[in-house]
There are 2 protein chains.
Amino acid sequence: MAVYTDISEGELASFLDAYSIGTLLSYKGIAEGVENSNFLLHMSSGAYILTLYEKRVNPDDLPFFIGLMQHLSDKGINCPLPVQRKDGGTIGELAGRPAAVVTFLEGMWMRRPTVEHCREVGAALAAMHLAGQDFPLRRHNALSVGGWRPLWERAAARADEVQKGLAREVEADLALLEANWPTDLPQGVIHADLFPDNVFFLGQELSGLIDFYFACTDTLVYDLAICLNAWCFEKDNYSFNLTKGTALLSAYTAVRPISPAEARMLPLLAHGAALRFMLTRLYDWLNTPAGSLVVKKDPIEYLRRMRFHRQIRSASEYGLTMEGAPA
Amino acid sequence: MAVYTDISEGELASFLDAYSIGTLLSYKGIAEGVENSNFLLHMSSGAYILTLYEKRVNPDDLPFFIGLMQHLSDKGINCPLPVQRKDGGTIGELAGRPAAVVTFLEGMWMRRPTVEHCREVGAALAAMHLAGQDFPLRRHNALSVGGWRPLWERAAARADEVQKGLAREVEADLALLEANWPTDLPQGVIHADLFPDNVFFLGQELSGLIDFYFACTDTLVYDLAICLNAWCFEKDNYSFNLTKGTALLSAYTAVRPISPAEARMLPLLAHGAALRFMLTRLYDWLNTPAGSLVVKKDPIEYLRRMRFHRQIRSASEYGLTMEGAPA
């Protein structure tokens, strides 16, 4: 959670003069999102989110993120729609930071997702992948396999402070993943961070996807592997829930069927996804000052997932069924 | 700013089942208020604020706070209106904490109030004092003159770390204020914390008063003295703005005329109010861990105000005019 930048009513009102969304009624800094400062605006025309991009976001990436939300919205994906200014632009500046206004999506994220939620997110992910196929911009995934070793090297020396033996495990996994990572599977726009806090529901129905600030061009089924990690493990005992895995995978493949080659690589991709989140959590764990604004997430939760994926031999163990296709 | 407690959609929906305000569409933790956890709810019937009372609020005081908002609302004061449950109650429990739902007020607080805003707040404060006259509950002000010495004793030993000579100055002021503090001026419900962040405006018009969690029964004109401190000093050079003081005082007295005795005590009360905020800021300054969620406020800003008030001889120096009354 974070509001890093406060803004005055005067500067906000001036900024909003460039838009055609009515007059400002209220704005509240909201305690969600760790990367940027987000404000919920009530305008006379409705509710919006104002985002001020803080220093962890590269301004050069904004046209990709904003353009992607526009593109997906146009294709019928429920996601925040960037609001155009009167001059047609969508990225402005406020309090010395790049800033954008997007439509507000009603809905709640699920602290404890059920099987039904997993099914919904599987279908939505596949629909997003299909909708993104003709998005013309590209963005490199700095947090894919090529980015892990540099990140690891900045944390390795202190890794065993967090858990004895962690360094040895990570070294072995990194070598395995680097040697076997696929480069020839279907690519496209991936969300790359579709955790429960980025998916809204109204009742059992998925009402929208948010937070596209890790989105990039990468292997589509890697996004699915991230979701398996994010949605299908139990909070209490870290165990994989096969019912949730089956629901998520079957809903995904019903919308976007996957090839046998993609299915074959799923365990390795899921293993890599677990390592990726373990690494960023480990880095933050070691580098976030005590008592900071940011809630530290435990890297060990993802170490446990790494160990789980390491012993998976086939995507069917996650619940994937390949009707009519050789496994 | 603070959201200390997160809540799940499930427990929130169950909690809201007891109300008749429609279905939950979204809720966001908001980064305002340092004492409690506040969430902005979008319900199908409109917007509300849900407050979870954290440990600095005594649950025994809640009937006073909630009852006061209800009372003031009924009298036409724009303030949050506590929402009654189907069973008639207004205080429930959520995530192990006392919790209440109030109506959401549109409006923005002014980071840089103008003379016009000071005029509006003066009139609103007086209207609140009149509306509170027949409120039947009473609450002792633990942060009035009797509470300052115990607070000071917990900070005195380290006061000179913040500014050399501070301890000597505070001791002298405390003795002066304790010896001369008035007990015979008109009393009633005071807000006791009517700083700019607790007053909302839409354009130049005051749209509401919020945060009644320091409200208590005390000398009415002490509340006015707090507002002089909170609204009429310039941020940049700490100087008193006589135009703002005149606007605030004349708007107040136009709605609730003050007696010569009240006017005579205004400099001492303003001096005491400055000491009161200096003391709580000093205590927090010395006791808040570095990097904490709470933004520390500088006690020295209020030391400068103490020095200013010390040399005031008459309320006319704040801009008070007493038409037809002997000064």
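# A tour of chains A and B

Start in chain A with strand β1(A) and strand β2 (residues 37-43), which run antiparallel and are joined by five bridges. The model in the viewer is a predicted one. Select A:K28 and look across to β2(A): the residue opposite is A:L40. Strands of a sheet pair through backbone hydrogen bonds, either parallel or antiparallel.

In chain A, five strands form an open sheet in the order β1-β2-β3-β5-β4, with antiparallel pairing. Which strands stand at the edges? They are β1 (24-29) and β4 (92-94) of chain A; each has a single partner strand, so one side of each is left without a neighbour in the sheet. On average, neighbouring strands of this sheet are turned by 35 degrees against each other, direction ignored.

Next, select residues 9-16 of chain A. This is helix α1, which packs on the sheet and touches β1, β2, β3 (46-52), β4 and β5 (97-103) of chain A. The direction of helix α1 makes about 170 degrees with that of β4(A).

Zoom out to the whole of chain A. Its secondary structure comes to ten helices and nine strands. The radius of gyration of chain A is 20 Å, close to the 20 Å that the globule rule gives for 327 residues, so chain A is as compact as a globular protein of that length. Along the principal axes, its C-alpha atoms fill a box of roughly 60 × 50 × 35 Å. Of the 327 residues, 56% count as buried. Among contacts in chain A with a separation of 6 or more, 73% are between residues 24 or more positions apart.

Is A:N241 buried or exposed? Its relative accessible area is 18%, and the cut-off for buried is under 20%, so A:N241 counts as buried. Show the side chains of A:N241 and A:E234: they make a polar contact at 2.7 Å. Leaving aside residues up to four places away in sequence, A:N241 touches A:C232 and A:E234.

Now bring chain B into view. The same surface serves both copies, with 100% of the contact residues of chain A recurring in chain B.

In chain B, select strand β2 (residues 37-43) and strand β3 (residues 46-52). These two pair in the antiparallel sense over seven bridges. Within the pair, B:M43 stands opposite B:G46 in β3(B). Helix α1 (residues 9-16) of chain B packs on the sheet, where β1, β2, β3, β4 and β5 (97-103) of chain B are touched by this helix.

The last stop is helix α10 of chain B, residues 300-310. Which of its residues are buried? Select B:I300, B:Y302, B:L303, B:R305, B:M306 and B:H309. An α-helix has 3.6 residues a turn, so residues three or four places apart point the same way. To see what the buried residues of α10(B) pack against, show α5 (156-162), α6 (166-180), α7 (220-231) and α9 (260-287) of chain B.

Key:
Residues are numbered from 1 along each chain as its sequence is written. Chains are lettered from A and ligands numbered from 1 in the order in which they are written. This is a predicted model: local features need pLDDT of at least 70, side-chain atom pairs count only at pLDDT 80 or more; totals for chains, interfaces and linings use all residues. Side-chain values use heavy atoms; hydrogens and water are left out. Buried means under 20% relative accessible area, exposed over 50%, partly exposed in between (1.4 Å probe, protein chains only). Helices (H or I, at least four residues) and strands (E, at least two) are DSSP runs, numbered from the N terminus. Contact means heavy atoms within 4.5 Å. A polar contact is a pair of N or O atoms within 3.5 Å; within protein, one must be able to donate a hydrogen and the other to accept it, and residues adjacent in sequence count only if both atoms are side-chain atoms. Two strands pair if DSSP finds at least two bridges between them. Axes are lines fitted to C-alpha atoms, for helices over the stretch in contact, and angles run from 0 to 180 degrees between N-to-C directions. The radius of gyration is taken over C-alpha atoms; the globule rule is 2.2 Å times the number of residues to the power 0.38.
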